[in-house]
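Subject: Structure handover and findings

Dear colleague,

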Amino acid sequence: MRIATAQAQAQLVQAMLDKQSQLARTQQQLATGQRLLTPADDPTAAVRTLALNRALDRLATFGRNGDLAESRLQAEEGALAALGDILLRARELALEANTAAQDGLSRGAIAAELRSLNDQLLQVANQRDANGEYLFGGDQSRQIPFVREAGGTIRYTGDAGQRQVAIGEHRLVAVSDSGERVLLTARDGNGLFRTDAAAANTGTGRIDAGSVTDRSAWVADTYTLNMLSADQYEIRDSGGGLVTSGVYVPDSAISFNGVQITLSGAPAAGDRFEVRPSGRQDMFQTLAQLTQAVADLDADPATAARGIGALGRGIEEIDQALGHLQTIRTEVGSRLNGLDQQRQRNADETLSLQSLRSQLQDLDYTEAIGRLNLQTVALQAAQQSYLKLQGLSLFDLLR
């Protein structure tokens, strides 16, 4: 076959260009440390690398979510601790108020501090996180959750929602607790039932918070203790049925349906006392009632007796509220622990995926440097061959 001079020249030039392209590609691989410069280099590995990159991106998102969740949970834990400190101080003041050493002036100071504690409770309840969102607003975290009405009562404007974020594949963590749950749902009374003295009582009788002797015998109902005379009582259920009756002995326990209550003082005939199942407790109302109870201690004997009873019930309710807050703090701590565990699992998975991706796309420098040397020698040989061949011509032989 006859090969024209122009054709031979073109083939030599193309050969040199191909070797230069191969050399340039190897140099680019060495510069970037990547074996896969384009999907065409290894389509299968390129597809697998894209899948690994997507998985790593998801893990990075989980990591950012975890950081945000940790920040919010730590803020909530701090707020719960502050709420507990406020209630503990209120409990101390209630115990202090109910002592003979106090007079009207000192009790007035105690009542003033209790009102201040109520304001502090409201301030903590409306605390924000680092992003400016309210901690206890539920899903309504952009609006203030607790508002003081004109009459002094506190109204909750949030909802019962609990926000959750994804911190792993199929793993969510709650990053909030609603203000309704935190401040409005602790049990009142002693946790099983609550006692009250009727506002119309004229005697100085007082009823304690009561205690449980046999929970299985308790029948949830509203019971009324009626003083038939100064030394005779009866207890009836909500339907008017007689539960028990007896002779009133001050400071002696009265037992019925698995619970016992104690009356003290001198109740008058016609005085009434109520025992009802525990309901939900509003911590703001609890502090307000304590404040009123302290003020009642310096009133007439009947009012003072109600104040002493209210102080006892208030202390019981604060204990219930403190236990309620501790339960939520335990849950928050458990979420933080779970967050740390998930973060470690995500880190392990990230390391594994990065290792797989490295095997697919990272360059073997030893092999690439050896290939670079071979390609350099091959290009030099092609260039030298071209120099020798480009001078050959039939006309040189005719000189």
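**Findings**

At 46% relative accessibility, aspartate 67 counts as partly exposed; here buried means under 20% relative accessible area, exposed over 50%, and partly exposed in between, with a 1.4 Å probe and protein chains only. The model is a predicted one, in which local features need pLDDT of at least 70 and side-chain atom pairs count only at pLDDT 80 or more, while totals for chains, interfaces and linings use all residues. Residues are numbered from 1 along each chain as its sequence is written, and side-chain values use heavy atoms, with hydrogens and water left out.

Aspartate 67 is joined by a salt bridge to arginine 343, with 3.5 Å between the closest N and O atoms. The term denotes a side-chain nitrogen of Lys or Arg within 4 Å of a carboxyl oxygen of Asp or Glu. Because arginine 343 belongs to helix α6 (residues 301-361) and aspartate 67 to helix α2 (residues 43-97), the pair ties together parts that are 276 residues apart in sequence. Helices (H or I, at least four residues) and strands (E, at least two) are DSSP runs, numbered from the N terminus. Arginine 343 is also partly exposed, at a relative accessible area of 30%.

In total, the structure holds 25 salt bridges. Another of them links arginine 163 and glutamate 133, whose closest N and O atoms are 2.9 Å apart. Arginine 163 sits in the loop between β2 (154-156) and β3 (164-168), and glutamate 133 in the loop between α3 (104-125) and β1 (146-148), so this pair connects parts that are 30 residues apart in sequence. Glutamate 133 is buried at 11% relative accessibility, whereas arginine 163 is partly exposed at 27%.

Glutamate 234 and arginine 236 likewise meet through their side chains in a salt bridge (2.9 Å, N to O). Of these two, glutamate 234 is buried, with a relative accessible area of 13%, and arginine 236 is partly exposed, at 27%.

Finally, helix α5 (residues 283-296) comprises 14 residues and reaches 20 Å from its first C-alpha to its last, close to the 20 Å expected at 1.5 Å a residue; the expected span is 1.5 Å times one less than the number of residues. Its buried residues include Met283, Phe284, Leu287 and Asp296. At the start of α5, a side-chain oxygen of aspartate 282 comes to within 2.9 Å of the backbone nitrogen of phenylalanine 284.

With kind regards

Definitions and conventions:
A polar contact is a pair of N or O atoms within 3.5 Å; within protein, one must be able to donate a hydrogen and the other to accept it, and residues adjacent in sequence count only if both atoms are side-chain atoms.
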